[in-house]
Amino acid sequence: MSDTITELKDELLINKTMLAKQCDLARDAETERMRLHTILERTQEELAEAKEQIDVLLKVAGKCTWKEDDEGIWDTTCGEAFTFIEGTPGENDMKYCCYCSKPLEEAKFEEDTE
Ligand SMILES: [Zn+2]
């Protein structure tokens with residue numbers, strides 16, 4: 001009878017120790033979860049900032065193409081139109097679009113060769 005009580009006591013002690021270990025693990029997991037959540041929030045904020053910067057860069061990047069039509073009117077990528085008394089944008093020393101400020105690229109009118 002005494003042996004059985006001693007065995008039960010030992011088993012109880014082992015169970016208690018294991019439970020304490022599991023509690024420690026659960027606490028560590030919660031701490032880690034909170035740490036990762038903080039990192040996730042910071043990463044999401046940085047991502048949002050990066051997206052804003054990309055939008056700004058995309059607005060200033062690229063070229064504005066001025067495409068000449070058959071009447072000598074130059075239609076711009078940014079939705080404007082321009083005419084010259086004489087010559088092309090380049091021959092008039094225009095390096096940038098005067099509407100959107102992007103580098104200007106010329107596309108001279110070419111007759112259809114059909
Ligand atoms: Zn433009």
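The model is predicted: local features need pLDDT of at least 70, side-chain atom pairs count only at pLDDT 80 or more, and totals for chains, interfaces and linings use all residues. Residues are numbered from 1 along each chain as its sequence is written. The protein has one helix and four strands, where helices (H or I, at least four residues) and strands (E, at least two) are DSSP runs numbered from the N terminus. Along the sequence these elements follow the pattern α-β-β-β-β. The radius of gyration is 36 Å, well over the 13 Å that the globule rule gives for 114 residues, so the protein is more spread out than a compact globule. The radius is taken over C-alpha atoms, and the globule rule is 2.2 Å times the number of residues to the power 0.38.

**Overall dimensions and domains**

- The C-alpha trace spans about 115 × 35 × 15 Å along its principal axes.
- The domain assignment gives domain 1 (1-59) and domain 2 (62-107); such bounds come from an automatic or database domain assignment.
- Between the C-alpha centres of domain 1 and domain 2 the distance is 61 Å.
- Buried residues make up 4% of the 114 residues. A residue is buried if 20 or more other C-beta atoms lie within 10 Å of its own, exposed if 12 or fewer, and partly exposed in between, with C-beta atoms placed from the backbone.
- Of the contacts with a separation of 6 or more, 34% are between residues 24 or more positions apart. Two residues are in contact if their C-beta atoms, placed from the backbone, lie within 7 Å.

**Helix α1**

- Helix α1 covers residues 2-60, and its 59 residues should span 87 Å at 1.5 Å a residue; the end C-alpha atoms are 87 Å apart, which agrees. The expected span is 1.5 Å times one less than the number of residues in the helix.
- The number of buried residues among the 59 of α1 is zero, so the helix lies largely in the open.
- G62 follows α1 and has a positive phi, near 85°.

**The sheet**

- Four strands form an open sheet with mixed pairing, in the order β3-β2-β1-β4. Two strands pair if DSSP finds at least two bridges between them.
- At the edges stand β3 and β4, each with a single partner strand, so one side of each is left without a neighbour in the sheet.
- From one strand to the next, the twist averages 25°. Axes for such angles are lines fitted to C-alpha atoms, for helices over the stretch in contact, and angles run from 0 to 180 degrees between N-to-C directions.
- Strands of a sheet pair through backbone hydrogen bonds, either parallel or antiparallel.
- Strand β1 (residues 64-68) pairs with β4 in the parallel sense over four bridges. In this pairing, T65 stands opposite E105 in β4, and the bridge partner of W66 in β4 is E106.
- Strands β1 and β2 (residues 73-76) run antiparallel and are joined by three bridges. K67 has D75 in β2 as its bridge partner.
- The hairpin of β1 and β2 has four residues between the strands, and in this hairpin G72 takes a positive phi near 80°.

**The loop between β3 and β4**

- F84 is found in the loop between β3 (81-83) and β4 (104-107). This residue is partly exposed, with 14 other C-beta atoms within 10 Å.
- F84 and L12 are 72 residues apart along the chain, and their C-alpha atoms are separated by 96 Å.
- G87 lies in the loop between β3 and β4 and is exposed, with 10 other C-beta atoms within 10 Å.
- G87 and E49 are 38 residues apart in sequence, with a C-alpha to C-alpha distance of 44 Å.
- D93, in the loop between β3 and β4, has phi near 60°, a positive value in a residue other than glycine. D93 counts as exposed, with 7 C-beta neighbours inside 10 Å.
- S101 is placed in the loop between β3 and β4, and its phi is near 70°, a positive value in a residue other than glycine. With 12 C-beta neighbours inside 10 Å, S101 counts as exposed.
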